[in-house]
Amino acid sequence: MAIILYARKSVERENSISCETQLEYCRSVIKPDERDEKIITFVDNGFSGGNVNRDGFQKMMKLVRQGKVKKVIVYKLDRISRSLSDFVNILQEFKEHKVEFVSSQESFDTSSPYGEMIVKLLMVFAEFERTSIINRVTQAYAHRSEMGFYMGGRQPYGFELVPTVIHNVKTKKLNPIPAEVEEVRYIFEVYAQESVSLRRLLDILVAEGKQPLNGSSWTTAKLSTLLKNPIYVKADSDVYDYYDRHGVQMVTDVSMFTGENGAQLYGHTKHDPSSPDWSDMKLVLLTHPGIVDSDIWLRCQRKLEKNRQIGNSVSNPTSWLAGKVVCEKCGHTMTTIKGKINKSGEIRRYFNCTGRSHKKTCTGPKVTIYAEDLENMVYECISAKLADLKEMNRTTRKGDTAEVNELKLKIKAIEKSEKQLLDTMLAGGFNDDLLALANQKATQLKRDRLALYERIEDLKSRDDETNVVVNLAKSWRTADYKRKKAVAMIMIHKIVISEDGSTKVLWNI
């Protein structure tokens, strides 16, 4: 049976007591008749007492559960835990294994009922103190947000932090770095163009030597993070509506979104941007000037949400269909392989099932699928598809334009109703019951208005796709390898090859 001395320290402070000193205090209360017993020390330096996920603590508890511990000594109670619920559970576990618990500074132990009662009472106050600290920090954080302070986090590329005073409070604000800002604008403008994926954007930046001026290098992950950040946008009412529709908690009133300043999205550290519910996040308008027009920024968001990353799929320079051809029998991708020289002196390419060559789980098609034959067939299919889409989209585009105009008129009517309702409410023309109904009406009008804006955005997105199709139809007949690859990535979901060699093209559009 061993006596354990346990010490914990969360962070380094000038006046805080070190773990070594805590252990010295623990040794001072070991009874004379216990000094020949086995003494084991466990230390957790840099760990909070808010939970029990600590290496030294867990090792100590493992020995307790094995029945190898007689007594646990700490400097003070809050070294073991600052959570009452955790502490009570720990205490109960000590009792089950007949382990005494002693605090060197509070002069009691759990060998008596009185000592156990005092321990519980003290832990109530320890948890109260911890909760009070959390509440004060949370309230201060919320207040800083409402005042438009920069909410911290990694310093975004294109800006530096400079001292400033806001509402008589010394703080820091983001200040644009001219050379880096121009690079950021260029990134948004390129990605907003049709058919430019994150991979293609990265290739363009590398080819043009536009690497970050801070000495690092671009990756698709870094570019994606940059493009999603509202720090860069000239935040106007369209940006406000974009986040409002996603359920983000809007800290700054919509009247402040004048298209001049950037904004900051903050909140849950494990926020999932693919989720339709962003209610765990907040948006605050900051004091620095935005650098990217809202229409370009929103166009980039639509592309990111649709995840149309053309260049991120399997790539093989020997066929512009690579990554799209799939074996129906096993579902694995088929890649191109160069065959042997035939009697005519040619080296022909053919598609091979990776389920057969790599996984050894499939026999693949029973006939040879020559790459050139498949490319020619798909080439003609795309030509026909583009011709049909071009004609169909002419009709669709006319209808969309008329619908957008009609939607805008409806929005104007709703805004007029909202203004009339607000004027009446401000004039004091409602009693309490009517005021409650008026608030419900105002909420419904806002929902209707946002729904109309969302429909307009969908139609604009469809209009962008129409432009892509028309431009593709014009250039397809003279397309080079890269253009063919890009078109295939946009238009084709996959090409399924059956066991007998028959082919089925599944289209995206």
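**Helix packing and cysteines in the predicted model**

Helix H5 crosses helix H6 with right-handed geometry. The model is a predicted one. H5 spans residues 178-191 and H6 spans residues 198-207. Their axes lie 10 Å apart, at an angle of about 135 degrees. H5 and H6 are therefore oblique to each other. On the H5 side, the contact is formed by Tyr186, Ile187, Val190 and Tyr191. H6 contributes Leu198, Leu201, Ile204 and Leu205. Sorted by class, this contact of H5 with H6 holds eight nonpolar residues. No polar and no charged residues take part in the contact of H5 with H6.

Helix H8 (residues 237-245) packs with helix H9 (residues 294-306) at an angle of about 25 degrees. The axes of H8 and H9 are 9 Å apart. The angle makes H8 roughly parallel to H9, because angles under 35 degrees are classed that way. The crossing of H8 past H9 is left-handed. From H8, the contact draws on Asp238, Val239, Tyr242 and Tyr243. From H9, Ser294, Trp297, Leu298, Gln301 and Glu305 take part. The class make-up of the contact of H8 with H9 is five nonpolar, two polar and two charged residues.

These pairs belong to a protein chain with 13 helices and 16 strands. The chain has 509 residues, of which 40% count as buried. Contacts in the chain were also sorted by sequence separation. Among those with a separation of 6 or more, 63% link residues 24 or more positions apart.

The cysteines were considered next. The structure holds zero disulfides. A disulfide is a covalent bond between the sulfur atoms of two cysteines. For Cys330, the closest cysteine sulfur is that of Cys353, at 3.4 Å. That distance is too far for a bond, because the cut-off for a disulfide is 2.5 Å. Cys330 is partly exposed, and its relative accessible area is 25%. Cys300 has a relative accessibility of 0% and so counts as buried.

How values were computed:
Residues numbered from 1 in each chain as written. Predicted model: local features only at pLDDT ≥ 70, side-chain atom pairs only at ≥ 80, totals over all residues. Heavy atoms only, no water. Buried < 20%, exposed > 50% of the residue type's maximum accessible area, 1.4 Å probe, protein only. Axes fitted to C-alpha atoms, helices over the stretch in contact; angles between N-to-C directions. Helix = DSSP H or I, 4+ residues; strand = E, 2+ residues; numbered from the N terminus. Parallel < 35°, antiparallel > 145°, perpendicular 65-115°, else oblique. Left-handed = near helix turned anticlockwise from the far one by under 90°. Contact = heavy atoms within 4.5 Å. Nonpolar A, V, L, I, M, F, W, Y, C, P; charged D, E, K, R; others polar.
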